[in-house]
Structures are given as structure tokens and as C-alpha cells.
Amino acid sequence: MLRLAVLLLVAFMTLPTVVVIAVSFNPTAILSFPPSGFSWRWYVNVLTYPQFQRAMWNSLVVTLGAVAVAMPVGTAAALALARGRRGTSLWSTVLLSPLVVPGVAAGLGFLILGAALGLLRSRVVLIAAHVALVLPFVVRSVWVSARNLDPTLERAAASLGATPWRAFRRVTLPLLRPGLVAALLFAVIVSLNEFVVSLFISTRLTEILPVAMFTYVVNYTDPTIAALSTLFIVVTFVVVWLADRFLDLGGVFLHHRG
Amino acid sequence: MARAVVELVGCTRDYAGVRAVADLDLTVHEGELLSLLGPSGCGKTTTLNLIAGFVPPTAGRVRIDGQDVTERPAHQRGLGMVFQSYALFPHLSVFENVAFGLRERRVPRADIERRVRAALALVRLDARAEHRPSQLSGGMQQRVALARALVYEPRVLLLDEPLAALDKKLREEMRSELREIQRSVGITTVFVTHDQAEALGLSDRIAVMRGGRIEQLGTPREIYERPATRFVAEFIGASSVLRGQATAVDRVRLPGGETVRVVGIDGLREGEAVELAIRPERVRVTGEAADNVVDARVVGVVYQGVQTEVTVEIGGGQRLLVFVPEPVPAALAAGQALRLHLPPTAFMRLNPAPGEAGR
Amino acid sequence: MRLLLTPAVLVVAVFAAALGALLRYSVLEFVPGSLQTGGLTLANFTGIMSRQYLGAVWDTVVLSLATTALTLVASYPVAYLLARTRSARARSILLVLTLAPFFTGAIVRTYAWVLVLGNTVVTWPIPMLFTARGVLVGLVHFSMPTMILLLAAAISHIDPVYERAAASLGASPARVFWRVTLPLSMPGVVSGSVIVFAWTLSAFATPELLGGGRVKMIANVVRDLALDSFNWPGGAAFAVFALAVTLLLLAAVGRLTAGPARSA
């Protein structure tokens, strides 16, 4: 009974993905399922459509920019939280707060702010917004690793003659690696997929891929977006699978019993 | 003989290729308290779960009151169980915990009230009915768990190490209370424990388990005084094992050359090798010559208050443990020579354990 | 500690500045046809209560309630199996299938439903795409991963010995669920429901694409006002309204279940 129900529910959850992937190989512009044949033409369309090329470039720049800022900033903050005694819960609430703000509120806020500063033509506002949205994920992931770190290890390294920087490089950083890898994965995935906030602060020239996709969906009905979505799904699926393989996602989310 | 209430017939249980219980036969009689005793991993908890219906046997049958219940799920077996962690429902009051089984049996409301009160009175917790389990001490929680398992008058009571979570003093108190309640209710009980003192003090019969099999089944006195195997002799109480060779139906020559007389061991055949066990409290340090005296040299001395535990070496390099009651007649020190009297009735003959035969 | 925190606090300060700008605009007078604003006013907030927008607020609340209820019912079995299965492989497969949509962006997920609801797979006996029904399906699908994770976390904290104890007392599997498992998982049920409700209140992509302009939720009104009518003050007031409701709900759930609202 339970297994049957779960099977149906998981089918419900996966159905759209299956449909998207199938439709992306449809040879005609009319959406049909199952596809009436097999064709790569929509993938070719994705890669040759100028607005998508531009959006991919924008996505790359914005995500790399946001991650490059958020990773060191978030790691430093996570270390501070893991070591601090007083005020930890206040600071963690402050740092994680962008998570709970509705996308439209943040988006319109950045739009007004960007307009006031005259920055809407560049990607600066986009990157700043992405840094803020990605930061909570980085802080949380690194924090989990840092919290389990034994502070006497750095002292042990110091007693063996390591400078604080060397102790950090040779002891702390390697031990933080699982947290850092998880943080990087989350940051990249969240930034690449960010849509609502970006919609408010993008122009035709700066818009990132999800915004370009949205515009395309509103205006056209051919399977191009299915092809692009498939690419997104494949990348995400591989990343999540690898993460589960190497990071024990179950351990992050569920309570394990011995 | 009392009638059989629980019967396991040829029960085997495998977990992912590991045999937890191997071809086990066991009968629990009306009104008795039977302990399953053994070290962790011996299969005692799996045996209990087979009776409770939490795990199905890989092979074999389970019968309750002569009825085959092998295919019957746990909730239809009508048993009462006390869990090691008590498993009191944290979201329900003490009253509701005890009433749980009655509600499942659709007992009328008024009867529930009366029977829960009576059960709580039996365990002296009538005043705590409205408390949450988390507000009670470990001993009280244990008693609630017992009341919860008894209130609907189950056919059999299953106890899974119910005293293990209590500290030593409380454990001893609860042990006698548990025994008293079990006697007064007269319920057939299966008790799982790894604590030999608990098993000896509580049980009508003990099944000593090892490697998924019953090593020996008998009354506490039989188990202690006539252990069938070396494992039982060493797991229950302390004992020393001596190897020797029978020279007559009542004589055994020890490797050091001394011959001792043994009484109460049947079937000794001249010339055969035998393993004898002897309890350290039966060995006497003696000055005067009598029969069954061996020479020994002290190897180690551990002072224990009521007694001193002396490890000695006798001829042939065999070691022997001796409990010398305090105050000891003279100071004992390593290297000292002693003469020990081994009473003829103190010897127990060990059968080679099935697991050891092939080693 | 201070030094390490400073850059992160600066980032949050930028974010706060954006919200500050939003807050300020929400009390400024809208000058039609211009991005200039007039003096201080509360007209933007009273505008929310006008007939035209009250419908969107009402639809949002109804859709959010329905989404929460359906998501709860649909997620519980999956979460239960995820938390209770002994097979590591089954858990892994369930987890990946559950998390993958969690990580797939809003647009990809919603577009997939455009295809399914838009008579691509089957021809629906009643219209689905561009209806509240269709939006509801999309919202439930969108909310399930979050709900499943929160419920599974709560269920996995319940010691299975309680379920065994209930069975030993004579409770059938269904009764064990009603009397033991479900009550003990209430913290997860409550926090999951409030979080899903709060998120759905400010859902944007799903109603935008699956509603096709015919189903408007609060976030869609914000977009229309801000990006189509260039009425930033009006949009800001609506956004502040959504923000306030969300924060209130999350504060409530934070009080009910001490712990982070979202597992990263």
C-alpha cells in the first residue's frame, strides 16, 4: 500500500521531468508526447539563438562573480560563527535572513536601489543580489563542517611550530573541505537557477538564462525551452547525484540511527 | 508437567546472511519466568522478537497456547512487552500510556478507568497518572512500562533487559519488585538479560544462549552447579578449568601428577581426557594434609574487601582462581607456596562446547 | 570574530539597503506616467484593499491553504518511506528524486508543467493550463520536496521502538500510525505546513506561467505594478505586505519548533 502510494507520488514528482526530456527531442515545433520522432534541432536552436548565447554568457559571469565573492566571505563568517561564543544565534539569524525574504520583495528592492544608484545597465546589481541570496547557503554548509572541528587541532599545529596561517592552510582548510565543496555546489546551483529577483533587475543585455527562458516561454511555444531545460536537469541531476555519493546528503537532512 | 504456553520449534533467523538464531527449540511453561541469558549477539533479543512477532523466523514455527502464530503480526498475538528503553509514548500521559492496550481492545470507558487505576496501584504510581513520562524517574518509567504491559492481562509477558537502564541500587530493588509482581499475577514471562546475577535471582529456569543456540537450559541452581559447557561455567560465576585424565571411575590425574578423587560425576571412563571446572569459592587453603590436596604457587593477589582473590599456578602450569575469605589467615604474596584442598564434590565436568569441537 | 564577520555583514547590509529602499517607496506617492515620486502617503497600502487587488489577495490565501493541505497529504507517505526504509539504495534513490527538483530552477520546473497541463501528454477533460487548478498542481509539485525533507527529518527522529511498543499493545499498523507516528511527527507537520504556506504566499513563477495572466497571486500583482505600470510605490507596498506576512509566519514557526527554517 505505502509502496504503491509512494511510487505514484514519486511518479507525479518525476513526470514533468520525463515529459520535458522527451519533448526536447521532438522533431516538429508542435509540442507532442510521446515525441513523433527524434531530433537534435532544438538543442541546435538553444546554442545558436543569439539571446540565449548572451544569456549564457551573462549567467556565467554573474554566477562566477557571485560565487567568487560569496565563498570567501561566507567561509570567513562561518568560521567566526563556529568559534564565537556570544551572539552566535543573533549573527546567524542576520546572515541567513535573505533566505526568508520573498523574491519579489528583494527583486523590487534591488530594482529601486539600482535605479537610484544608476547601476541598472551593468551586471553589478545582479551580482550583488546573487551574492546576498547565495551567502546563506555557503554560511550554513561551511558552518556545519566548522562546528565539528576540534579547536585543539590548530593549537596542536602551533605547538608543532606552525604559524597561524600555516596551521589554517594545513589543518583547518583540509578538514573543512566537505563543507566547502557542498557550499560551492549549493552556491552554483542556487545562482544558476535564480529567477525572480533577477527578473526585476535584468535588462535585455544583462539578463541571465532563467530570465531569458521565461521571456521565451511567454512568447514562443516550440520545444527549445524543453531542450534547454533538459540540459539544466542533466547538469543538476549529476551534481546532486555526486553530492549524495560523496557528501552523504542523507546525513545532512536525516537523523541516522545506529 | 505444567502446560506449554510458548513454543519455538526449529526456529532459525538470518539477518543479511548472519544467523542470529539457529534451529532453536524452546518451551516456556505456564506461570514460569524463563530467562534468556547470554552475551550481546548471542541471539537472545532475536529470540524474544520471534516470540513477540517483530521478526518472522527464516525457518521454524512459533506456537502460543498450542496455536501456530508464526504468520500472525505482533499486534494480534496478545502479548505484553516491556522494552529496554521502556518506549513510553512521550505525547501521552502516564494514564493514557497504560490505557493504550485497553483502548486498542475496545474496553468500555468505565472499565478502562478502573483497570488503569488498579494497574497503577499495583506498581505504586497511582498518584502520577496525569504526569508525562518525561517527568518521571527511570525507576518510575520502568514501572509504568510494566503496568502498561500487564493491564490488559496478556497471555505472556516479554521483558527485554528491563533493568539495564537503571543504576545498580535501583536495579536490585526493581529486581525483587518485578519478581513479586510476576508471582502475584502468575503470568508466564520471558526475560532477556545479559546479567547473570539478575538471571540467577529472578528465574525459574534459565536458557544460556551463545551463537544463536541454547547452550544449557535448566534451573538457576543446575546452571550454576552443573554447567554443561566451559562457556556456561565461565559466563556464569567465576570458575577455573582443569584438564586431566581419568584413571578410574572416580579418579582424575592432573597434569602435575597429583590424582584427585571426584564425586558426583557419572560416566568417567578410565584413560579418557576430561575437562573439570571448579568454583573459586570451593577451593580451600589448607595447612594440614588431607586427600585431594595439590601444591600451588601464588601468581597474583587482588584484595576485594569481603575476600581476597588469589591466582595460583599448580603442577603442569595450570592456573586456578581461589577466593580466600577475609580476614586471610596469613599474608599472601606472589611467589608464596600454598597447599590447596579441592573438595571431591566441587568438581564439575564440562562437555566440549559445540562451537569449540572444531577449533 | 569581528574581522571575519565584517564582509558578510556588509553583504547583508546591501541586501538590507535594498529592502530599505523598498520600504521607503511603499510610503511614497505614485505619480502616474513617471518614475518620480511624490510625498509621503499611505495610499499604496489602502490600495491593496481595493476591489481590484483584494481578489488577488483572496486567491493567494485560498491557493496557499489548498497547496499546504495537498502537499502535506502527498508528502507524508514519501517522507515516511524515506525516513524508515532500511535499504540504503532505496533511500538514496528517493533522496535524489526528491532533491533533484528542489535544485532544478523554478522556470524549468514550471515549464515542465506547462507541457503536462497543456494537453501535450493527455487531453484533459477539463481545462488545466491557465486555471487555478493548474496553478495548484504546480504549486503542490513545487512545495513537495521541501515538505518531504522537513517531514522525513521529523519522522527519522521518532524511535521505531514506539511503533513496536504500540504493536505489542495490540495496535494494527493503521492504528499505530494514528496514535503514535502521526502525533510524534507533529513538529515536522507544523513547521512544514507553515513554511510551505509562507512560500506559496509569495510564489511567482508558478502562477505567472501556469496562470497565464488569468490567475494572479500577490507576487504577480507586484510584477505587473512594478514592471508593466511602472508603479513602483504600489508594487513596493504589496511586496512589503507579502514580506510582513512571511516574516510573521516564520517567526511563529520558529517559536513552535526551535530550529532553522530551511535546511541548506
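These questions and answers go through chain contacts and nonpolar cores in a predicted model.

Visitor: How many residues does chain C give to the contact with chain A?
Guide: Two residues are in contact if their C-beta atoms lie within 7 Å. By that criterion chain A takes part with 79 residues. The count for chain C is 74 residues.

Visitor: Which element gives the largest share of the side of chain C that touches chain A?
Guide: Elements of chain C that give two or more residues to this side include α3 (51–84), α6 (132–156) and α12 (232–256). The largest share is 14 residues, and this comes from α1(C).

Visitor: How many nonpolar residues has the side of chain C that touches chain A?
Guide: This side has four charged residues and 11 polar ones. The nonpolar class has 59.

Visitor: Which residues of chain C are among those that touch the most other members of the largest nonpolar core?
Guide: That core has 165 residues. Leu108(A) is one of those with the most such contacts, and Leu108(A) touches Leu22(C) and Ala239(C), among others. From chain C the residues are Leu22(C), Ala239(C) and Ala242(C).

Visitor: How many residues are in the other core, which includes Cys11(B)?
Guide: This core lies apart from the largest one. Val94(B), Leu102(B) and Val283(B) are also among its members. Its size is 101 residues.

Visitor: Which element gives the largest share of the side of chain C that touches chain B?
Guide: Here 15 residues of chain C are in contact with 16 residues of chain B. The elements of chain C that give two or more residues are α7 (160–168) and α8 (173–184). The largest share, seven residues, comes from α7(C).

Note on methods:
Residues are numbered from 1 along each chain as its sequence is written. Chains are lettered from A and ligands numbered from 1 in the order in which they are written. This is a predicted model: local features need pLDDT of at least 70, side-chain atom pairs count only at pLDDT 80 or more; totals for chains, interfaces and linings use all residues. Helices (H or I, at least four residues) and strands (E, at least two) are DSSP runs, numbered from the N terminus. Ala, Val, Leu, Ile, Met, Phe, Trp, Tyr, Cys and Pro count as nonpolar, Asp, Glu, Lys and Arg as charged, and the others, Gly among them, as polar. A nonpolar core is a set of buried Ala, Val, Leu, Ile, Met, Phe, Trp, Tyr and Cys residues joined through C-beta atoms within 7 Å. A residue is buried if 20 or more other C-beta atoms lie within 10 Å of its own, exposed if 12 or fewer, and partly exposed in between; C-beta atoms are placed from the backbone. Lists of a residue's contacts leave out its neighbours within four places in sequence.
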